[in-house]
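Dear colleague,

Please find the structure we discussed below. My notes on the side-chain contacts follow it.

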Amino acid sequence: MKPVKVISYGELLFRFSPDWEQHSSALYIGGAEANMAASLARWGTPVAYISKAPENGLSKQVMQQLEKAGITTDRMLWGGDRIGAYFLAQGSDLKHAEVVYDRKYSAFSQLEPGTTNWDELLEDASWFHWSAITPALSEQAAKVCKEALEAASRKGLTISTDLNYRNKLWQYAKPFQVMPELVQHCDVIMGNIWAAHNMLDTALDTVALEQDKKEVYLEQAIKVAQEITEKYPRCKHVAFTFRFSNGPTHNLYYATYYHNGQQTVSKQVETNEVVDRVGSGDSFMAGLIHGLLQGFDAQKLISFAAGAAWSKLFIKGDFNQTSKEDILKLI
């Protein structure tokens, strides 16, 4: 296997974005963890992707596209019958009700505990990334994820997670019944204050938040980040994004980074020209990982991650095509 800096683990997906007026649909290769890996590869961080796919011609074509994006695929798991999919109208947000999943019986969802040699798969890497979407799929998927995290911890890898909250996926348990056991392995946690509340049962002053004021959001971000680092001593880096939208092409955005008791805030940006929201959070996660690996100071780190997320809003598809140089100019 090719040595890499980062390994990203999660379900490979097809995204179908119907355009009803044109009687057509765009097809994109994605999945949160693949999206994140594509951004890292774009910026020159060696990254491998681990998922599971059936052994057929379509899967081989998908691997070619991932490799074309700079993602190493030699650690992929093979077997099963299909790649999962989801349907989302162009420009819509995954967090909202428009998304329809078609991922039952996918190859990835059929992974079973005790069947993967994680110690071997995680060789020659220094960072392991996963997201909350994986344990949301099933109790079985959560157990496999736990195996991977235990192996990554044994091997001394830095571990990061994105608290992606997908309400439609959590059917077998409440997130806060599953996630804490997995998050205890993490050095870096990214998400937002609402996802942390749903998944880690952190406190949230919902009455204060009704004021809808930035200073209140930032105050809550500090409190939630403090609680996370107290509950999960291994975690030293917490980042939250704040995205507000009042229309299909509108977005107001800023982000926070908490480390060593200090919170650093990105600049606030706003647009009415959003092209595609999918992958923006994954770009932020990639920016955070890239910046930490590069040793960016706190302000440059959160600015780069936020700039990466922002740049993705103007690109169709799941993968961010923006160069590192252009993001640095942007910030």
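**Side-chain contacts**

K146 is partly exposed, with a relative accessible area of 28%. The model is a predicted one. The side chain of K146 forms a salt bridge with that of E181, at 2.7 Å from N to O. This pair joins distant parts of the chain, as K146 is in helix 5 (residues 139–154) and E181 in helix 6 (residues 175–183), 35 residues apart. E181 has a relative accessibility of 40%, so it also counts as partly exposed.

**Other salt bridges**

Side chains of opposite charge can pair when their charged atoms come close. A search of the whole structure gives 11 salt bridges. One of them is between D276 and R15, whose closest N and O atoms are 2.9 Å apart. Here too the pair links distant parts of the chain: R15 belongs to strand 2 (residues 13–19), while D276 is in the loop between strand 15 (269–271) and helix 10 (280–294), and 261 residues separate the two. Both D276 and R15 are buried. They also belong to a network of salt bridges that links R15, D276 and D318.

E227 has a relative accessible area of 18%, which is under 20%, so E227 is buried. K231, at 40%, is partly exposed.

**Nonpolar cores**

The largest nonpolar core has 60 residues, and those with the most contacts inside it are F128, W130, M179, I228 and F240. Leaving aside residues up to four places away in sequence, W130 touches Y9, P135, C145, L149, I159, S160, T161, D162, M179, L182, V183 and C186. There is also a second, separate core of 46 residues, which includes A41, M76, A85 and L288.

**Aromatic rings**

A pair of aromatic rings is described by the distance of the centres and the angle of the planes. The structure holds 15 aromatic pairs. In the pair of Y9 and W118, the ring centres are 5.1 Å apart and the planes are at 85°, so the pair is edge-to-face. It links distant parts of the chain, with Y9 in strand 1 (residues 6–9) and W118 in helix 3 (residues 118–121), 109 residues apart. Y9 is buried at 1% relative accessibility, and W118 is buried at 4%.

W310 and F314 form an edge-to-face pair as well, with 5.4 Å from centre to centre and 75° between the planes. W310 counts as buried at 10% relative accessibility, whereas F314 is partly exposed, with a relative accessible area of 33%.

One aromatic cluster is made up of W194, Y217, F242, F244 and Y254. The ring of Y254 also has the charged end of K214 over it, 4.5 Å from the ring centre. In another contact of a charge with a ring, K300 lies over the face of F296, at 4.3 Å from the ring centre.

Regards

Terms used
Residues are numbered from 1 along each chain as its sequence is written. This is a predicted model: local features need pLDDT of at least 70, side-chain atom pairs count only at pLDDT 80 or more; totals for chains, interfaces and linings use all residues. Side-chain values use heavy atoms; hydrogens and water are left out. A nonpolar core is a set of buried Ala, Val, Leu, Ile, Met, Phe, Trp, Tyr and Cys residues joined through side-chain atoms within 4.5 Å. Buried means under 20% relative accessible area, exposed over 50%, partly exposed in between (1.4 Å probe, protein chains only). Contact means heavy atoms within 4.5 Å. A salt bridge is a side-chain nitrogen of Lys or Arg within 4 Å of a carboxyl oxygen of Asp or Glu. Helices (H or I, at least four residues) and strands (E, at least two) are DSSP runs, numbered from the N terminus. Rings of Phe, Tyr and Trp (its six-membered ring) pair if their centres lie within 6.5 Å; planes under 30 degrees apart count as stacked, over 60 as edge-to-face and the rest as tilted. A charge sits over a ring if NZ of Lys or CZ of Arg is within 6 Å of the ring centre and within 35 degrees of the ring normal.
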